[in-house]
Amino acid sequence: MKKGLFYFVLIIAFIGLITNLDNVFNMIFNMALSLVIIGLILYAIYYYFILSEDERKYRRALRKTKRKRKFRE
């Protein structure tokens, strides 16, 4: 009788954990997506408002040369 009750409680707890995993994964995905969006916004602010025009041109030129070297290899 005690073993049956114990396994019944374990099954109920397992079902509760399985149904709750969906919510946990959704929260983790939403948090990661929010962090990526916030990071992109902060980078855009840094790129367009903090860097000077010359520094932006230099960074663009670096990216272009990296792409050219990547395709040559």
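F29 lies in helix 1, which covers residues 2–50; helices here are DSSP runs of H or I of at least four residues, and strands are E runs of at least two, numbered from the N terminus. The structure is a predicted model, in which local features need pLDDT of at least 70 and side-chain atom pairs count only at pLDDT 80 or more, while totals for chains, interfaces and linings use all residues. Residues are numbered from 1 along each chain as its sequence is written, and side-chain values use heavy atoms, with hydrogens and water left out.

The protein chain holds two helices and zero strands. Its radius of gyration, taken over C-alpha atoms, is 26 Å, well over the 11 Å that the globule rule (2.2 Å times the number of residues to the power 0.38) gives for 73 residues, so the chain is more spread out than a compact globule. Along the principal axes, the C-alpha atoms fill a box of roughly 80 × 35 × 10 Å. Of the 73 residues, 4% count as buried, a class that means under 20% relative accessible area, with exposed over 50% and partly exposed in between (1.4 Å probe, protein chains only).

In helix 2 (residues 53–72) sits R67, which counts as partly exposed at 49% relative accessibility.
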